[in-house]
Amino acid sequence: MWSFFSRDPSKEFGYEILEQLTGTEEYMLWKLHKGKKKGSSEPVSVFILDAKTSGNDTQIELAKAALKRLKTLRHPNILTYIDSLETEKCLYLVTEYVEPLQFYLNSCATDYPKSKQQKELFIAWGLFQVVRALTFLNNDVNLQHNSICLGNILVNTAGEWKLGGFENATPSSQINSLPIKILPSFEKYDPPEKVDSLKLKFATKWSADMWGLGCLIWEVFNGSLKSSSSLKILGNIPKLLTSVYCELVGANPSSRPNPSEVLVICRKPGGYFNNDLVECLLFLEEIQIKESNEKTQFFNKLPLLLESFPENLARHKVLPQLINAFEFGNAGATILTPLFKLGSLLTEEEYQKRIVPCVVKLFSSPDRATRVRLLQQLEHFSAHLLPVTVNDNIFPHILSGFTDSNPVIREHTVKSIISLAPKLNYNNLNVEVLKHFARLQSKDEQGGIRTNTTVCLGKVASYFHPQIRQKVLVSAFTRALRDPFPPARVGGILAFAATQQYYLLNQISNQILPALCVLTGDPEREVRDQAFKVVKGFLSKLEKVSEDPSLRECMEADVNANASPNVTDMASTWAGWAVSAVTSKFYKSQSSQISDQSPALPASTQGPAATSNPISCDTIPETSHELRRTSYTESTDESVQWGDMNELSLSSKNLVDDKGDGDGDGDGWDVQDDWAPIETVEQDSFGPSMTTARSKDSVLMGTKSEKNESGWESTWNTNQWSTPDSNDKDESRKKREEKRIQRQKEIEAKRNARQGASSGGSSLKLGGKKI
């Protein structure tokens, strides 16, 4: 029992005391140590006063009084009390982790290497916080600090200035008797009225602290104060602060402004506290009471402002405020851009803890504008997402975007697969994604979406299972070659080039080259040029193998290769014509331009008028109700390439009607049924527009037999190149033979009719006149 009462309480202390921060002894009764909480390793600061070493009862009493005041004072700009412990030997005070301001000012050259502006913003925000703390002390709790100087200002991890050192604090009722300070280093900060009883009569409850604020401003810009006479020299004090500074260090205590007046003066336009950082942080503190339009404007301009903010403030102050605004302030989708930009400053562990939960929550939101913003920003945070998080929590919400009635969401959903493909499991990538890709490529009414589906399929081809890849690519890209929208045909051609390493040589000669050769006569110049280029590339491959059959194994080495993180790495050196297609950009269709433009168009707008009033992502309804379809027009500009499709100039000339009917029971591609040959797709797969296009280019795309100018019949059609040995080809041949025989019979019957008429007793001859 005696051992229980005689044990050392410090051993039960819940905090581990680490190394001491030296250089603070001149202004502190305490010794400042770094520390951390046992169990969680949370960083803290531990102030220790050794009773035996000090040997002064007055110091101990002042330290206890300061601890008591700090324990009861709660303000964002006052040092945060966490815990304390009193023993016979020592007095322990645990606070948030802080360092002396002097340390920060000495290291500003390395902390803010980007620009001088960061240091200026850091100091302005810090002085603003000190003035707010003094406003709270002097006006709200009627307390005088009496020791405002550089040594009593501490800075936490977020770069916020905290007011400490309450050993000399007194109630405002004692303004006519300033305390005697134990540490001699504080004497140079005493106001002039302390030694002049006549001036002391005019003192106010804030006059002593305002004098100290003037001393702090001088030290921040000019270094440690040697004597009070140095205050007459402005030195490096900014011009925006000189007028206020002169009032603070005025000899007459009654002329010194109230700290609340200092805030008002410096917050006015052109004032020292009127800058982007102060305005930004104050807005975030008051975001709960802001209007929605104010929030939107603020978050739209915030990403540019973040570049000039000190990194520690942006990371530890702005980012937590943004997360709180997202979770509790109904900030909306506009918060995503600055949120992800600040997330790049975090470590991987911090990102998983702070940003990923927000991302998962956002993907489950029914707000369409939020979904679009997420899909647009996906490339910036997808690298931080774990595969299990993607497959279980994010991809189920991604799937709904493939069938959304809004083309903006469908298009961005397609593009999102580029970032997610490396993390998707077998079923999600090889079954679910391909099922939706097949439907979009064959039935979507937007030509840009069909084009980008083909582009995306080529970009993620390396991640598919080899067997699935064998079934998918040829059928999918061949279908793209038959699309009535020219950029879609260009996308299909270059997709073949980008994925050339995944085809057997027999596939190239029997299926791919015949399909590509059809487009060498395409009405569009750019389609023909790309077709010739890729055909030459594949022919070069076949020719090399023909000359050296031992190259076959090397050429087909990647056909059964597993997923690779970089498609370009697998392109053979001889296939330089294919490499450029691998890194090509998406086609920037009009539906993608919608998300970047304003003014907004109501979601209910439909018909051709929608083209002149683009939809803004911010105006997409927040519910998941069905939107009316908006028709867009695509250009057939001959300069379209897969590599520069985003630069396509959309015009009202040479329009192609590519609106699909959306009918049909199948989804286009059947992964489980070996991907039905392309000729089995009905002629109206792309709706009425396919018929229009085929009637326009009947020789290339049509199915009817026509005579050309030489008189011979053109019986080629695109279907016959898909599967040479299929039953459909035999049926087509029979139908053509029957039509030929029928036509011959009709010609013979007409000839016989004419001969019968001429032998029926008419005496007229060719060239004779009628009597």
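Which residues do ring pairs link into a cluster with Trp-125? In this predicted model, ring pairs join Trp-125 with Phe-128, Tyr-272 and Phe-273 in a cluster.

**Aromatic pairs**

- A search of the whole structure finds 17 aromatic pairs; in one of them, the ring centres of Trp-30 and Phe-47 are 6.5 Å apart and their planes stand at 80°, so the pair is edge-to-face.
- Because Trp-30 sits in the loop between β1 (15–20) and β2 (31–37) while Phe-47 belongs to strand β3 (residues 43–50), this pair ties together parts that are 17 residues apart in sequence.
- Trp-30 is buried, with a relative accessible area of 5%, and Phe-47 is likewise buried, at 4% relative accessibility.
- The rings of Trp-125 and Phe-128 have centres 5.6 Å apart and planes at 20°, so this pair is stacked; both residues are buried and lie in helix α6, 3 residues apart, or about one turn of the helix.

**Helix packing**

- The axes of helix α6 (residues 116–140) and helix α10 (residues 259–267) come within 8 Å and cross at roughly 150°.
- Phe-128 is among the α6 residues that meet α10, together with Val-131 and Leu-134, and the α10 side includes Pro-259, Val-262 and Leu-263; by class, the contact has 6 nonpolar, 4 polar and 2 charged residues.

**Cavities**

- Of the 23 residues lining the largest cavity, Trp-30, Asn-152, Gly-165, Phe-166 and Glu-167 lie nearest its centre, whereas helix α3 (residues 57–72) gives the most to the lining, with 4 residues.
- This lining comprises 16 nonpolar, 5 polar and 2 charged residues.

Terms used:
Residues numbered from 1 in each chain as written. Predicted model: local features only at pLDDT ≥ 70, side-chain atom pairs only at ≥ 80, totals over all residues. Heavy atoms only, no water. Axes fitted to C-alpha atoms, helices over the stretch in contact; angles between N-to-C directions. Helix = DSSP H or I, 4+ residues; strand = E, 2+ residues; numbered from the N terminus. Contact = heavy atoms within 4.5 Å. Nonpolar A, V, L, I, M, F, W, Y, C, P; charged D, E, K, R; others polar. 1 Å grid on protein atoms, 1.4 Å probe; cavity = no way out; pocket = protein on both sides within 12 Å on 5 of 7 lines; lining within 4 Å. Phe/Tyr/Trp six-rings, centres within 6.5 Å; stacked < 30°, edge-to-face > 60°. Buried < 20%, exposed > 50% of the residue type's maximum accessible area, 1.4 Å probe, protein only.
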